[in-house]
Amino acid sequence: MVDPILSIRDLHTEFVANEGIIRAVDGVSFDVFQGRTLGVVGESGCGKSVTARSILGIVEKPGRVTGGQILLRPETGGEAVDLLQLGPKAMRAIRGPEIALVFQEPMASFSQYYTIGNQIMEGIRLHLKLSARAARDRAIELLDMVGVPQPARRVDEYPFQLSGGLRQRVMIAMALACDPRVLIADEPTTALDVTTQAQILDLLRELQQKQGLALILITHDMGVIAEMAHDVAVMYLGRAVETGPVSEIFTAPKHPYTRALLRSIPTVMAKPRTRLPTIEGSIPHPSNRPAGCAYNPRCLELIDDLCRVQEPPETGMAGRRIRCFLHGGRP
Amino acid sequence: MSARSEGLEAPVLLEVKGLKKYFPIRKGLLRRVVGQVKAVDGVSFAIRKGETLALVGESGCGKTTVSRCILRAMAPSEGAINFAFEGRTVDLATLPRKRLRPLRRHMQMVFQDPYSSLNPRMVVGDTIGEPLLINGMTDRAERRRRVLELMELVGLPGAAINRFPHAFSGGQRQRIGIARALALNPALIVADEPVSALDVSVQAQILNLLLDLQDRLGLTVLFVAHDLSVVKHVSDRVAVMYVGRIVELAETEALYRRPLHPYTEALLSAAPTPVPGAVSQRIILERDIADPANPPPGCAFHPRCRYAEARCKVERPDMVEVEPGRQVACLRAGELVLRGITDMPHEAV
Amino acid sequence: MFGMFKSRPQLSQAERFAQATQLQLTWWRFRKHRVAMVSGVIVALFYLVALSADFLATTDPHATDSRTSYIAPQPVHFFEDDGSFRPYVNGLKGVRDPKTFKIVYTPDPQRHVQVDFLAPGYPYTFLGISMTTHLFALRNPERGDGIFILGTDQLGRDIWSRLMVATRVSLTIGLVGVSISLFLGVLLGGVSAFYGGMVDTVIQRVIEVIRSMPTIPLWLGLAAALPNDWSVTQVYFSITVIISLLAWTDLARVVRGKFLALREEEFVMAAELAGASSGRIIFRHMLPSFLSHIIAAVSLALPAMIISETSLSFLGLGLRPPAISWGILLQDAQSIQSLALAPWLLSAAVPVILVILAFNFLGDGLRDAADPYG
């Protein structure tokens, strides 16, 4: 297999809060490959967004990355660089030309006082050292690429003049401005309507195929994962409980959480008015993490004296790993 | 079997006729009216006792406005809302606010946002008991008994009666909201996106709870949602809205199996399914949803419709009953054969 | 008030949190805000001073004496020459200036006047009771003797004593002023939001007009309109009313904004759908929700009031002598000459700065604690 562009190894990110230290990301590992999409899926509090922010080095205070490695393979080959060892200045050279981010809420990610053209050009001029004229042409080209109609006119509009779907397209154009090799999309369609969501997902897929991007797609929606991802990491309370190729995650899920989650998703295929299998209880707050396996209070298959006490280690082979005593790692 | 066994022959509980709600657009220092947002523009449907009708559509389609008009949280601009209770029928649309108050107990609402829908300064017991208190149950002990009964009904521990909302998860808060809505034994429950703010693993719990409660109490439910997969699990009939109007109304299974309106087809096709590889046959609509302040002439959907003809740009289609219990507002309804769920990939093999 | 949760000792930590009212949660958050806590204590101390101003004063703040003009701050000595603990101050002695032949009074290191605690001094009334007891007083003072720890002004009045009384005036003018503007603000802001439409438009335009007026000339005009023969009390209340007539607009906007935001809250709609009356919705659901915002707004409005009074009086437009306030004390420090001669006249600026800062930090802390996400 080819080498991954980006490897996350045993990442830990913590927040200091009133309740004590919250381990938002607690030992997450995965690989991202060129031209492939890694879907990171999980419910609230699972740490998927904090993982994305940790990769880019933009974790908000009072949070900080406390351990692990984020290895980025240089375009020219050679030794991988650990992003956690880089200073703020070197990190700025990574954000944009190497790794870029698309946020969930496009309205909040724009400044209301500059035209979208200005905001796209800012990154281009900073990193690519182009003239104002050339940067503007590049901005129009980018808008055209992401399917914004009449890009030459739209480039001079302000964010509030655009619909939600168009704003998300512009957001993607902005992220792609410096030709990144890795694109992280954090819930890129959650704020959008279903028909608009379909448009944006289609665009992301198309861009990836055309440009050979490595895409990390963060979402809570298993449906979006099913149609977008090549590889999947399922997260629960700061841990990746199961990772693997999309077909295996959906046809042969191993972790009890993945299996229960897949069963509990409503689908249009269901018979009308049928009850869904549920997962008991609710997700604990990360400050209140249960001892042992974090999923144990909701798990129907728990091994009594083991899962409540001991944390299951990550087992399996490369590309198909799992954290559950049912599938190995029993002492 | 259950309170619902009367089936689709049950009497009509609520009939909405030609409902319109226009919001004026004001401008300038004198706030002169310069236009109208036609949020709801002629909506008609009926709900029978004991059934669940889902009102489905994307943002700005007017589904929430319809539900607020029915509950008279806002006054409709035009149309009739006939509500049958205690053997008589009243038109809620024209009833003055004063005479509305004693009627409110028959219709209650479950809200979307489990955080904003509970007063953070009131304990659970007071929140659930408030409708009882307002409607005359002044005895403390009696109220407490009823509150505990309601908490058990929705699956909340009675020990939580003195806790404040901040101590509960989203799913539990939604249960509190449901208990409050049930306190007065209403005939109609309007559920406005009751699960869309919840985590997937909690959604199923709340959907099942709604189904159980309906079976046990014989509730009639108007279920407002944007998510066709959620709707499939709870509703008997579905009304699809687009820019202020209903474009298709049918029994759930029939609508999903063979949609008659191109918008329904696109909506069904866009719903993400947890089956890898399902995406190949997706219909991707062009452009954005039309602006209700400035809707396109003719059929409001025509700029995005891949089946649109010249007449669709001029002629506005009305709702037509094409077969019993099945209405659609499309000029080409008779000739189009659209794709439903049977044409989509099933469970992955 | 905050001891209420101690009455349920049997509750577990989690249950205590689960049953904590918003007030308790706010208090717990506020307690973590160290600067605000310290500021709260400072503000409380200031009001304690305001309450017991005369008790803390050592000499009659209005008593003038040409002999004690511009005495520099005098230290209180705690130990007698023999080392025994007996606090005293130096008395004054008159020395004839060899050039001008005028008698100049300076402290006489030879003469010790003993300082007593809780001893009788000039008479005053405290909450309507006539009293003579002061925290410190001199035993058998001769004419001109005094505890001048902050020095004296040109007319020979003790600045420390004047400062105590000024604190009372300046801080209460803030309280009274804020009460008036709170009343107006809540009333008009509430009416504006509740009725909406034309009423709202009219009130909002009025607010805009008031806010667009240049304040100094307006104050100037209004203050000039006060008759010269009015008593100190009358002037005092007129100035308070003038200040608060302009200051209510801020509070009205806070109230209106919060009211409108709350009306959109789903729990308010739920109460309405349950058949609750407007009164119940407003008093049971809406008012408690923005009470904390009002408290925070008030604690931020208070320092603005105090500053207004101080600057008005400083400019000679507010209170006039013989009234005493911080602004009037600072008025004495207006000329460079007197400042060069007696820099201690500026000491009134210290409490002004201190109390304004404390109020601002307190207000910020309260606001953050009441609404951690707003």
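Domain bounds here come from an automatic or database domain assignment. This is a predicted model, in which local features need pLDDT of at least 70, side-chain atom pairs count only at pLDDT 80 or more, and totals for chains, interfaces and linings use all residues. Residues are numbered from 1 along each chain as its sequence is written, chains are lettered from A in the order in which they are written, and side-chain values use heavy atoms, with hydrogens and water left out.

**Exercise 1. Domains of chain C**

Task: state which domains chain C is given, and how many Å apart their C-alpha centres lie.

Solution. The assignment gives domain 1 as 74–147 and domain 2 as 162–370. The C-alpha centres of these two domains of chain C are 40 Å apart.

**Exercise 2. Helix α6 of chain A**

Task: compare the reach of helix α6 of chain A with its expected span, then state what covers its buried residues.

Solution. Helices (H or I, at least four residues) and strands (E, at least two) are DSSP runs, numbered from the N terminus. Helix α6 of chain A runs over residues 164–176, 13 residues in total. The expected span is 1.5 Å times one less than the number of residues. For α6(A) that expectation is 18 Å, and the helix reaches 19 Å from its first C-alpha to its last, which is close.

Next comes burial, where buried means under 20% relative accessible area, exposed over 50%, and partly exposed in between (1.4 Å probe, protein chains only). In α6(A), 11 of the 13 residues are buried, among them A:R167, A:M171 and A:L176. Contact means heavy atoms within 4.5 Å. The covering elements in chain A include α3 (116–128), α4 (132–145), β7 (182–186) and α7 (194–211).

**Exercise 3. Nonpolar cores**

Task: which residues of the largest nonpolar core touch the most other members?

Solution. A nonpolar core is a set of buried Ala, Val, Leu, Ile, Met, Phe, Trp, Tyr and Cys residues joined through side-chain atoms within 4.5 Å. The largest has 75 residues, and B:I178, B:L182, B:F223 and B:Y256 touch the most other members. Its largest share, eight residues, comes from helix α6 (residues 200–217) of chain B. Apart from this core lies another of 60 residues, including C:V255 and C:A323.

**Exercise 4. Interfaces of chain B**

Task: state how much area chain B and chain A bury between them, and how much chain C and chain B bury.

Solution. Buried area is the accessible area (1.4 Å probe) that two parts lose on being put together, summed over both. Chain B and chain A bury about 4,100 Å², 59% of it on carbon and sulfur atoms. B:V200, B:H233 and B:P274 supply 16% of the area that chain B buries against chain A, more than any other three residues.

Chain C and chain B bury about 2,700 Å², 55% of it on carbon and sulfur atoms. On the chain C side, C:Q22, C:E266 and C:L273 lose the most area to chain B, together 25% of what that side buries.
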